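Please look over this model with me.

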Amino acid sequence: MTTQYVYRFGGGVSDGGKGDRNLLGGKGANLAEMASIGLPVPPGFTISTEMCQRYYDEGQIFPESLKAEVANGIAHIEAITNKKFGVAADPLLVSVRSGARASMPGMMDTVLNLGLNDETVVGLATVSGDPRFAWDSYRRFIQMYSDVVLELDHSAFEEALEIAKEDKGYSLDTEMTADDWQALVKRYQELVVELWDKPFPQDVHEQLWGAIGAVFGSWQSERAKVYRRLNDIPAAWGTAVNVQAMVFGNMGETSATGVAFTRDPAKGDRAYYGEFLINAQGEDVVAGIRTPQYLTKTAREQAGAKPASMEEALPEVYGQLAKVFDLLETHYRDMQDIEFTVQQGKLWMLQTRSGKRTAKAALKIAVDMANEGLITEEEAVARVDPAALDQLLHPTLDPSAPRDVIAKGLPASPGAASGLVVFDAETAEKRAELGDAVILVRVETSPEDIHGMHAARGILTARGGMTSHAAVVARGMGRPCVSGVGNLAIDAKAKVFRVAGREVREGDIITIDGATGEVMIGAVPTVQPELAGDFGTLMGWADKVRRLKVRANAETPLDCKTARIFGAEGVGLCRTEHMFFDANRITAVRQMILAEDEKGRRAALDKLLPEQRADFTEIFEIMAGLPVTIRLLDPPLHEFLPHEEEEFAEVAAATGIGVEALRRRAAELHEFNPMLGHRGCRLGVTYPEIYEMQARAIFEAACDVAEKSGNAPIPEVMVPLVATRRELELMKAVIDKAAKAVFAEKGRTLDYLVGTMIELPRAALKAGEIAEVGEFFSFGTNDLTQTTLGVSRDDAGRFLTTYVDKGIYAKDPFVSLDVEGVGELIELAAERGRKTRGDIKLGICGEHGGDPASIAFCETIGLDYVSASPYRVPIARLAAAQAALKAKK
């Protein structure tokens, strides 16, 4: 049996029925579907995606059977339009367009006005009564066909058009007359002979097959390949080809063309939104050659525009269009983006697809449609892209405000902020205390800048990628951040930066937009987010269906409060080192590190104990009754060491040890590769008194809060960088001993867990043994990715983009989990851990905890929770709900 490759639509015929996207592509499926529900669609046919696969499999040739099918398709269009393809009297013209399964805007080729030649153009001029329109259409066709099908240099044709206008003294295409276009057609035909050595094809069937071949050919164009790679579209899908009768919106005052949305794509309001032009072709609306007019009278009045709306200028056709909008939205159960043409008073639908929308509109449309009964609550939850919620959780720039952009970097953390430029963390903190809004500008940030980052409204760095220290910390704090502005020349000593010939000094005001990566001179007004209403409703629906718990990575009271507001169910990672950088206690920390013996260390730790206890008390009060995972000290000690002369002098004064002795001790602690050096549980093994102090602070704080509030927190004490069972065993003994002592002193006990962070491949492989001691595992996917791939996160920006472009990694593995490599280790560790300890608690606390694709993986392997930075908690809640819905299918 011969395979059917051609599917007709229009004129009461719809071979594609309800429209199979995989077979007919998105455009073809929607055309078939619109035709099947009786909408006025210009007749045509679709050559299926299966033909695309066969075309490439068989060396880019078409089977004989296809020629007969295409001839039938053309006959179908001729019968409905009463026009003949290639016959001069009243010629049929067609468009040839691509249409892949997934929308690939601008990536694939299109040919319009096909069927024109030296004879049919005269017939078109006569029938339309408009020779200018006919010759302009022919000129457009030759230009497009020469570019797309013949692959001739399109700039030669553009140059010829410019010369023709110059010769006449014109500045716009619209000034060209019929005679001018006719003369240009002649010049274009000469160009084809010059560049192709053959005359422009006059045989309309040759034209048609050339265009079909070009559309299939464009599937393997470089731009299409890049787009597919960036959007995860498989090459095997192929594209369909749509051949459709041309309809013209430029045949007089009763003709028009337009683009419309069934709801407002910016705000989500239930109101028709769009533009149209009388006596114009579709490309005129898009290209901005003329200013389009409003669809509705209301929209025109709100904008204070004078030209009549479509509702006023073409009331009858507008009435038909409004009915079509409602029909399509009800049929597709989603907001539609529609292209239409009115040819001499008759409405034609050219395309419909689900419309692109802002996060705010997506939220409103999903909730409204569920409330209208058009979709279910679960469908509403599935409709909103979790990553797009980022737009809603932060202030954004007022879209109507002017902006003077001086540089562009990476959009590392969303939101927008304006403030005074400062070049170091201390100044940021001082200025912020005085009530100034500041933007911290650094070459790159380090953990020591944390207080300045917290004080700043936004962060701008010259180096670093989307996963650099600045980006990760800024996202966690909900601060906008633009990183990797390569052409930013910063002179921190002179307190000035230069970019694009401009100079910005400390105290000057700049604005950064963490959603676009733009840096602007001056203050640009922002719009504050609204988190009530639709946001709360959708989150409630999401919480009903998700299985995964969502916690927050938080170590300050503000972070914890933010996390609770956003619906966090506990803390999944409290990093204690950030507390040690506090200006009031850094000297005691340095005293502890530089001490020569245990006695000296304990003396310094005694000063730190009440500070740590106060830290944990605040967190436990906010998180009362919820689990709080506290990671014991992790970073290498050298990060806390003094660097400047005055810092050494401060430590010397506090300890009574000379500056030179302190310098010598600091040099002894120097490490060549600190990331793999004396850090994590290795500190606890060599200096157990550090972890003993932290454990005591945790249990004293937990008992005090339980006593005061009657609602005991659930501390989960996490030992970092464990590689062996014995390391965890030693550390658990220190923690249990501290707990026992505190419980005896306080006269009460409370539940707690001791577990570890799995961030080394050996720990993942030996998870079965480690689970004999550990009561929970938290996968630290930032470090686990570094140690598994052997890639430093802070240096990877230089080559990772190239790796993704070349398909080595599908996505940046620090942004979205490397499921095949790192993911396999996590799955293996979870499996082995559960085998040893059936009730072991499993979660993930790296940056990946807020990434929707990584959350979907966590759902698949059955982890118990994910932990994300506070501002990503809603994203994680929604992504977890969507993952649960997918798992149900």
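This is a predicted model: local features need pLDDT of at least 70, side-chain atom pairs count only at pLDDT 80 or more; totals for chains, interfaces and linings use all residues.

Residues are numbered from 1 along each chain as its sequence is written, and side-chain values use heavy atoms, without hydrogens and water.

**Helix H4.** Helices (H or I, at least four residues) and strands (E, at least two) are DSSP runs, numbered from the N terminus. H4 spans residues 120-128, and its buried residues are Thr120, Val121, Gly123, Leu124, Ala125 and Ser128. Buried means under 20% relative accessible area, exposed over 50%, and partly exposed in between (1.4 Å probe, protein chains only). These buried residues pack against helix H5 (131-148). Just after H4, Gly129 has a positive phi of about 70 degrees.

**The sheet.** Eight strands form an open sheet with mixed pairing, in the order E13-E23-E22-E15-E16-E17-E18-E14. Two strands pair if DSSP finds at least two bridges between them. E13 and E14 stand at the edges with a single partner strand each, so one side of each is left without a neighbour in the sheet.

| Edge strand | Residues |
|---|---|
| E13 | 404-408 |
| E14 | 410-413 |

Strands E22 (residues 509-513) and E23 (residues 518-521) pair in the antiparallel sense over four bridges. Ile510 has Ile521 in E23 as its bridge partner.

**Helix H33.** Tyr803 lies in helix H33 (residues 800-805). Tyr803 is partly exposed, at 33% relative accessible area.

Methods:
Contact means heavy atoms within 4.5 Å.
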